Amino acid sequence: MSIRRSTKAARGAVATASAVGLALVVAGCGGGGGDGGGRPDDKKPPARSSTPKDGGPGTPAADSSKVIGEMKGPDGVVVTLNSVVRDSGGFVTVNGTVTNHGSRAFNAIDWRSNETELRSRSSISGATLVDKAGKKRYLVLRDTNGECLCTTGLSGLMPGASRPIFAQFPAPPAKVTEVDFQLPTMPPATVQITD
């Protein structure tokens, strides 16, 4: 067998292996609607929930008619808190709305935590809940990939626009009903935890 013929055969084998590998990857990523076990009606929720980047201006937060706290920051940015709910899973969820009353676009880069492994540069991962009586500070929870369980992609909020925000924290003890919600660059807001 000549060198030219063995090179063509090797190229053909590589092309075939690449095509088979690509077909397996495409089949593995296919949207069959189920979990791969043949049960299409057993849909699983996403691994982590976050506010979609295209939430759009003026999208209200859950319970946006109820205001339990407000924080006014620099450049006309206002955070309105709508609920702080203790869930049975052992965490507290804070829901609210950020509104840009300023004259230029707002990016939440200063609201993120100092962790280097977070992928989203504009999130509210630097938020904290503070139990003043118990002298404890609670940080935003993280998923298994190290991402915050909070609003991400919070950038380019134009003047006059609003976006819903949320953050999840470990729950303080049941006897704790009042905490301070804090965001970097903003004054704290004292809020009541509801069940």
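From the N terminus on, the elements of this protein run α-β-β-β-β-β-β-β-β. That is one helix and eight strands. Helices (H or I, at least four residues) and strands (E, at least two) are DSSP runs, numbered from the N terminus.

A word on the source. This is a predicted model, where local features need pLDDT of at least 70, side-chain atom pairs count only at pLDDT 80 or more, and totals for chains, interfaces and linings use all residues. Residues are numbered from 1 along each chain as its sequence is written, and side-chain values use heavy atoms, with hydrogens and water left out.

Overall figures next. The protein has 195 residues, and 36% of them count as buried. Buried means under 20% relative accessible area, exposed over 50%, and partly exposed in between, with a 1.4 Å probe and protein chains only. The accessible surface comes to about 11600 Å². Carbon and sulfur atoms hold 55% of that surface. These areas come from the Shrake-Rupley method with a 1.4 Å probe; for residues, only the protein chains shown count as cover. Now contacts, meaning heavy atoms within 4.5 Å. Take the contacts with a separation of 6 or more: 61% of them link residues 24 or more positions apart.

On to the sheet. Four strands form an open sheet in the order S1-S2-S3-S6, with antiparallel pairing. Two strands pair if DSSP finds at least two bridges between them. Which strands stand at the edges? S1 and S6 do, each with a single partner strand, so one side of each has no neighbour in the sheet. Neighbouring strands of this sheet are turned by 25 degrees against each other on average, direction ignored. For that angle, axes are lines fitted to C-alpha atoms, for helices over the stretch in contact, and angles run from 0 to 180 degrees between N-to-C directions.

Look at S3, residues 91-100. Nine bridges join S3 to S6, and the two run antiparallel. Valine 98 stands opposite arginine 163 in S6.

Now the loops. Aspartate 75 sits between strand S1 (69-72) and strand S2 (77-86). Aspartate 75 is not a glycine, yet its phi is positive, about 60 degrees. Lysine 135 is in the loop between strand S4 (128-131) and strand S5 (136-139). Its phi is also positive, near 55 degrees, in a residue other than glycine. Is lysine 135 buried or exposed? Exposed, at 74% relative accessibility.

Serine 125 lies in the loop between S3 and S4. Serine 125 counts as buried, at 3% relative accessibility. Its side chain makes a polar contact with the side chain of serine 123, at 3.1 Å. A polar contact is a pair of N or O atoms within 3.5 Å; within protein, one must be able to donate a hydrogen and the other to accept it, and residues adjacent in sequence count only if both atoms are side-chain atoms.

Last, aromatics. Rings of Phe, Tyr and Trp (its six-membered ring) pair if their centres lie within 6.5 Å; planes under 30 degrees apart are stacked, over 60 edge-to-face, and the rest tilted. The rule gives two aromatic pairs. Phenylalanine 106 and tryptophan 111 have ring centres 5.0 Å apart and planes at 55 degrees, so this pair is tilted. Phenylalanine 106 is buried at 14%, and tryptophan 111 is buried at 2%. Phenylalanine 169 and phenylalanine 181 have ring centres 6.3 Å apart and planes at 80 degrees, so this pair is edge-to-face. Phenylalanine 169 lies in strand S6 (residues 162-170) and phenylalanine 181 in strand S7 (residues 178-182), so the pair ties together parts twelve residues apart in sequence. Phenylalanine 169 is buried at 0%, and phenylalanine 181 at 1%.
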